[in-house]
Amino acid sequence: TGGVPVGETVLVRGIRVNKSIAEKTEALFAAAEAAGHKLSGSGCRDINQQIELRKQHCGLTTYDIYQKPSGQCSPPTAIPGSSMHEKGLAIDFTVNGSTLRKGDAAFAWMKANAAQYGYFNLPSESWHWSLNGK
């Protein structure tokens, strides 16, 4: 199925992440909460979930799913096998139940603070944060 084995992931506040980042992820959520930002989101997903997202965001052809540049999808969506989500090393953040957006106070907080917890933003997706910004 691809991606990280379930045994290599843990739940942090209901979000499945790679064990290697669990402690920093919990610290990020605690700090955000202390600053008044209720973050949540989605983390690890398997290759089949990535394929389904590509179908929804990019199209149904083999080209759409496996070759179309992610920037041509709406919203941008990584090619299956290349997503940091499949490694459990990315989170698509929400704040108060809505997608994290650039104008949000929580986004400004993330920009100022997330790097100290190992999270970097993918500039084309305000909600997507990972260990390498991809």
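Strands (E, at least two residues) and helices (H or I, at least four) are DSSP runs numbered from the N terminus, and two strands pair if DSSP finds at least two bridges between them. The model is predicted, so to speak of local features a pLDDT of at least 70 is needed, side-chain atom pairs count only at pLDDT 80 or more, and totals for chains, interfaces and linings use all residues. Residues are numbered from 1 along each chain as its sequence is written, and side-chain values use heavy atoms, with hydrogens and water left out.

**Exercise 1.** Find how β1 and β2 are joined.

*Solution.* Start with the strands: β1 covers residues 9-12 and β2 residues 15-18. They run antiparallel, joined by four bridges.

**Exercise 2.** Work out which strands pair with β7, and whether β7 is enclosed or open.

*Solution.* Take β4 (residues 90-95) to begin with: three bridges link β4 to β7, antiparallel, and I91 stands opposite W129. Then turn to β6 (residues 120-122), which is also antiparallel to β7 with three bridges; F120 has S130 as its bridge partner. A hairpin of two linking residues connects β6 to β7. Finally, check burial (under 20% relative accessible area, 1.4 Å probe, protein chains only): six of the six residues of β7 (residues 125-130) are buried, so β7 is largely enclosed by the rest of the structure.

Key: Buried < 20%, exposed > 50% of the residue type's maximum accessible area, 1.4 Å probe, protein only.
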